[in-house]
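Q: I am new to this structure and would like to learn how to read its contacts. Where do we begin?

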Amino acid sequence: MSVITILDSFDKEVLEQSYEKNGFNHSYLLRKKDDIIELTKRLKEEEYFLETITAVDKKEKIRLIYIFNKMQKVHRVAVYLDIDYSEDVPSLIDFFKSADWFESEVYDFFGVKFTGNPNLKRLLTPEGMEGYPLLKSWKAEED
Amino acid sequence: MNASYFNKVNIGIKTVIKGLALSISYLFKKPVTLQYPHEKKRIAQRYRGSIRLKRNEEGALKCIACGSCEKICPAGAIKMVTVTPEGSKKKQLSEFYVDLGLCIYCGLCVDTCPVDAIEHSIVYEVAERKKDGLILRLDNLGEKNV
Amino acid sequence: MDTEKHVLKDFYVNMGPQHPSTHGVLRIVLKVDGEKVMSSETVLGYAHRGVEKMAESKTYIQMMPVMDRFDYVSSMLFEWAYVGCMEKALGITPPERAEYIRVIMAELNRIASHLLWAGAFLLDLGAFTPFLWLFDARERIMDMFEEVTGQRMTNNYFKIGGVADDLTPEFFKMLDEFLNMIRKRMADTETLIESIIFLERVKDIGFISKEDVINYSLTGPVARGSGVNYDLRKNEPYSIYTRFDFEIPLGEKGDCYDRYKVRMREVIQSVRIIEQAVSAIPEGPFAEKAPKIVKLPEGEYYFAVETSRGLLGVYLVSDGSANPYRFKLRDPAFSNLSILDTMLPGNKISDVVAILGSIDVVIPEIDR
Amino acid sequence: MDLAMIADSIIVKVILSIAGVMIVFTINALFATWLERKVAGHIQLRLGPMEVGFHGVLQGAADGLKLIAKEIITPKGVDKKLFALAPYLAFFPTLLMFVVIPFSDKLQVRDLNIGLLYFFSISCIATIGIFMAGWASNNKYSLMGAVRSIAQSIAYEIPIILSILSVVIITQSLKLSEIVSYQSKFWIVLVQPVAFVVYVISAIAELNRTPFDIPEAESELVAGFHTEYSGMRFAVFFMAEYTNIFLVSAMATTLFLGGWRGPFFPPVVWFFIKTYALVFFIIWVRWAFPRLRPDQLMSFCWKFLTPVALLNLLITTFFMKIF
């Protein structure tokens, strides 16, 4: 089963996709955030691995990006998820252990909480830091 | 006691003797190090050492005080003070600071200069006893690039 | 004295942030029972500099030197990922000669990185001599870098559309000398260190299964040590890697010894690539003309290269201005290190340094 | 009172002995550290110290001076008395061990009847100093280094004693001068090569040197038992280590290599040539191999060295009974 047939069963918006142009063979914006669990499960069955999880502050919302890739031959799938600033997202830790640190990093920088991840913590920034530095509204203190 | 025990002993004795023989052979090789303050390494012509301003044939600074290097410096190590003399439209350089304590020797200022007026010298011994000594000014920009 | 308080319940050892063998400022909190590790927790962030935030206020060109400072032992591979990403966005293809120069420099850098790793790994195990033998070889690479790029470590050599400067005749002379000595030196080093002591120390510890490679998103020699054939130079060929004949060394069991062996064999494969590239390098310009002020078209771009540690992805989001809107590094050592906590329990304290060493981490790259 | 009587009086003898021991000790500390750094340097394609004196021979003296001039730091939370005492407890046994070493047929401080036994009993005291240092430092790394050191030293005493017992069975004496005179025709190493190898390996382990340097394994335990030591106290540990190298080599020379016997040169010269050949070997081994893991170290001792030494002892006894 190819990735396109997998993705067909989800409610999504197809974004511009071209490996030559932006490095993603497929990019899809999921409309329902709980779909990410089912999708990850299906992709893992197809021997994809989770390359990274990251996010972009789009000013009104946060866009999460899950990048999956295949080990045998490059087939990079970017799955996007638009969420509100204080919205929770289901964690992928049941499928990929690496999601633990990837999600912690996103939480650290964007304040996105991943439900189901027991180790969510400030990974890189110091403990007790306030605010989430990669949000556009965050300003560094002047020294 | 089984075969793997004696096998291990056998491998152990062999590898240990091999290792000892090889290491003693290196004892008589020529050392590759240099005795630094007495001997010095050849420095490549492209080496990016301390910053200096270039001069043209008449000995005047080539700099046109455009400020590109100041703008592009990722570390903020370059500071430029310009004056516009009366009756002239062109800006002139009145003071030029390079803080070698901040400089990351990346070469972007040299790349970006439109008139090729700034360059890296091959001087790498820029240590100073005081932090002030690391700040190069127009009058000592030549000091560290003998 | 309050004896209640002094009953020894859990004995914690803080390895790091200042410790000779955590390779920088990594901290591992070990709960030990005698010599045995019961559990461990990796603490990151001691070298966090907020580069991803900093990138938002720097121009694309100003970020170039910063790329050198993540993984300072294989800096040009990091430059390549960033430059490649921008070239993808701008639609620039570097000229032939530039591609060859890039491959030569990148492979030299990979060798340098592996040599440093091997030396440091052996130093962790207590062998000092091979460290300096390999450093002699690495020093020659550094001299070549100095000759061509002007700097020994933070090279800032890759530019959009090519490289900063052409190779010099002196460089080829030095390269020749290096290629002549490296095979012998590698063989000598392997003979010296593969004594029974070393084999006992690294064999059959720190297993990583093939499932865990997928599970923890491991890449690079760590994945290949477990027998997973994943190398971007073959699986996602970028630049001109399809033209070269080289093998991807694979391990079998996935223990520390396999990871060590994979890296040592990779050095020889890199030497092969360099030899082929040097004999095939064409004449021509070393750089395409590139815009002085770089502005990427609006959109997002992702480009990945194989560094000496694994898959490095640069993810750039541009809003059309001169500064990146979002700059993200998917660095290999970050996910490679995440498996450490599951590998350590049950091993001895001495194994901790061997296992950590075999993963090969450079902390500024992880902490960013 | 004439000169002979003065020379014979006990006080003069004591003073002369102490002076002699101190001279040997100082010269050895300087020379052995220099040799170590030179050998290490050249094996590693370096030069080693070159600045102080001819090819850096006086580097050890310069380092010693520097360490003396340094501030002695006593960290917070240490057991101050034990912390200060430990280096000296590790160091003084080494001076006492000099007492029985026969440098030549005449140069020996005291030719005890139980010389051999005395030597190895005294050498055990140093371990207490190391454990004291680890315990008093109030540092987890130090403590672990100390614990490792105790385990190691108890384990490796056994093969050492077993290997020298084979020598004692042949020579029928614990008196070192008699052991040397027994070797007037042949060196004991010729009839006891296994005992010699076991002795050298165990001696390296007793010295806590690579590949058996687990008590101070710098990549695991920072610096093991002397993590918290600095200045002169550190130097004392350091000197104890190099004096110990000399002493075990000297003992190996006496037991296996015919002691001070040898043609052409005076006995003392032969003694030092043989001893420093062994010192060189011990240094050479250090720069060739990585470090063992503590449990491997133990199993190497109990599963390999001790059985081999026992077997050797058995065979020796058997042959001595027959012939």
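A: We begin with a term: a salt bridge is a side-chain nitrogen of Lys or Arg within 4 Å of a carboxyl oxygen of Asp or Glu. In this predicted model, the side chains of A:Arg76 and C:Glu236 form one, with N to O at 2.8 Å.

Q: How many salt bridges does the rule find across the interface of chain A and chain C?
A: The rule finds two there. Polar contacts are counted separately: 16 residue pairs, both at pLDDT 80 or more, are in polar contact between chain A and chain C.

Q: Which elements of chain A give two or more residues to the side that touches chain C?
A: They are helix 2 (19–22), strand 3 (48–57), strand 4 (62–70) and helix 4 (99–110) of chain A. Strand 3 of chain A gives the most, with ten residues. By class, this side of chain A has 25 nonpolar, eight polar and 14 charged residues.

Q: How is the size of an interface stated?
A: The size is often given as the accessible area lost when the parts come together. Between chain A and chain C about 3600 Å² is buried, and carbon and sulfur atoms give 57% of that area. A:Met71, A:Trp101 and A:Leu124 supply 22% of what chain A buries against chain C, more than any other three residues. Counted by residues, 47 of chain A are in contact with 39 of chain C.

Q: Which chains share the most contacts, of the four pairs in contact?
A: Chains A and C do. No contact joins chain A and chain B, whose closest C-alpha atoms lie 15 Å apart. Chain A does not touch chain D either, and their nearest C-alpha atoms are 25 Å apart.

Q: How should I read a strand, taking strand 3 of chain A as the case?
A: In a regular strand the side chains alternate between the two faces of the sheet. Strand 3 of chain A is mostly covered, with ten of its ten residues buried. This strand pairs with strand 4 of chain A in the antiparallel sense, over nine bridges. A:Thr52 stands opposite A:Ile67 in strand 4 of chain A. The hairpin of these two strands has four residues between them, and A:Lys59 takes a positive phi near 75° in that hairpin.

Q: What does chain C bury with chain B?
A: Chain C and chain B bury about 2600 Å² between them, 52% of it on carbon and sulfur atoms. C:Gln62, C:Glu146 and C:Ile196 supply 20% of the area that chain C buries against chain B, more than any other three residues. The contact takes 34 residues from chain C and 29 from chain B.

Q: How many salt bridges does the rule find across the interface of chain C and chain B?
A: There are seven by the rule. One joins B:Lys41 and C:Asp143, with the closest N and O atoms 3.3 Å apart. Helix 5 (129–149), helix 6 (169–193) and helix 7 (196–202) of chain C each supply at least two residues of the side that touches chain B. Helix 5 of chain C gives the most, with eight residues. That side of chain C divides into six nonpolar, ten polar and 18 charged residues.

Q: Is C:Ser308 buried or exposed?
A: C:Ser308 counts as buried because its relative accessibility is 0%, the cut-off being under 20%. C:Ser308 lies in the loop between strand 6 (299–307) and strand 7 (310–318) of chain C. The side chain of C:Ser308 makes polar contacts with the side chains of C:Ser74 (3.5 Å) and C:Ser113 (2.8 Å).

Definitions and conventions:
Residues are numbered from 1 along each chain as its sequence is written. Chains are lettered from A and ligands numbered from 1 in the order in which they are written. This is a predicted model: local features need pLDDT of at least 70, side-chain atom pairs count only at pLDDT 80 or more; totals for chains, interfaces and linings use all residues. Side-chain values use heavy atoms; hydrogens and water are left out. Contact means heavy atoms within 4.5 Å. Buried area is the accessible area (1.4 Å probe) that two parts lose on being put together, summed over both. A polar contact is a pair of N or O atoms within 3.5 Å; within protein, one must be able to donate a hydrogen and the other to accept it, and residues adjacent in sequence count only if both atoms are side-chain atoms. Ala, Val, Leu, Ile, Met, Phe, Trp, Tyr, Cys and Pro count as nonpolar, Asp, Glu, Lys and Arg as charged, and the others, Gly among them, as polar. Buried means under 20% relative accessible area, exposed over 50%, partly exposed in between (1.4 Å probe, protein chains only). Two strands pair if DSSP finds at least two bridges between them.
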